[in-house]
Amino acid sequence: MSRSHLLFAILAVSVAFLAFFLRQYSLRQQQILKLWKIEDLAMYNGTDADGSPILLGILGSVFDVTKGRSHYGPGGGYHHFAGRDASRAFVSGNFTGDGLTDSLHGLSSVEVKSVVDWRDFYNRSYIYAGKVVGRYYDSLGEPTKYLKGVEAKAARGAQLLEKQKKEEAKLPDCNSRWSQQEGGEVWCETGYPRLVQKPLEIALTGKMRKRCACFKEEELAQPGLELYQDCDYLSKVCPVN
């Protein structure tokens, strides 16, 4: 092959590659700029026989989940998410009726953070396909006050989780084990097992939850510590019913 023919071949390949890149970039830009109406999004739920893309919305962001058709298509475990924005169901587990909604009203800051984490997962794992006009984005595709409020609440949830993690680190966890024959028990190598309210739990989840922590003998008189049922005051091992 002559030098001129080689240069021509290289140029032809380069032009083809550039054309492909520009076409992909153009498609990507179209997806970024795409604004979806709720009723249009509903058409892409994987039920069409023509193999149309399967789309999913979360916090107003739309993702193409077609590569997961076995999961998001009819009969798949996540089909209830296809063709709609069911943000709330990602943490509520309610996949019927009113549970399949994009409203996060009444959720705790940690639950809201979990939904935001799910959105970030889809952003990393699937193709971004635009925005749903409604609760989270306006008709120009700009974030609404509701979306900004959700993201601020999620940030507070992340801060509270980090603070709780540091608070819990101050008190060592109990050891625990369970078997069908013997039941369960908790124990401390150093100190004595007590149930204690998890710090910040009400602020995080709106619920009261307790954990088992180990306390020194001189700390046992402080308020808020609960002795396990059928456990002696200075026992290092306590049965768990």
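Predicted model: local features only at pLDDT ≥ 70, side-chain atom pairs only at ≥ 80, totals over all residues.
Residue numbers start from 1 along each chain as its sequence is written. Local features need pLDDT of at least 70, side-chain atom pairs count only at pLDDT 80 or more, totals for chains, interfaces and linings use all residues, and side-chain values use heavy atoms, without hydrogens or water.

**Stop one: the sheet.** Select the open sheet of four strands, ordered β1-β4-β3-β2 with mixed pairing. Strands here are DSSP E runs of at least two residues, helices are H or I runs of at least four, both numbered from the N terminus; two strands pair if DSSP finds at least two bridges between them. β1 (35–36) and β2 (55–58) sit at the edges with a single partner strand each, so one side of each has no neighbour in the sheet. Now pick β4 (residues 127–132): two bridges join it to β1, and the two run parallel. Tryptophan 36 is opposite valine 132.

**Stop two: the disulfides.** Show the cysteine sulfurs; pairs within 2.5 Å count as disulfides, and there are three.

- Cysteine 174 and cysteine 212: sulfurs 1.9 Å apart, left-handed at -75 degrees about the S-S bond. Cysteine 174 lies in the loop between α6 (145–169) and β5 (175–179), cysteine 212 in strand β8 (residues 210–215).
- Cysteine 188 and cysteine 214: S to S 2.1 Å.
- Cysteine 231 and cysteine 238: S to S 1.9 Å, and both are buried.

Counting bonded cysteines along the chain, the pattern is 1-3, 2-4, 5-6.

Notes
Buried < 20%, exposed > 50% of the residue type's maximum accessible area, 1.4 Å probe, protein only.
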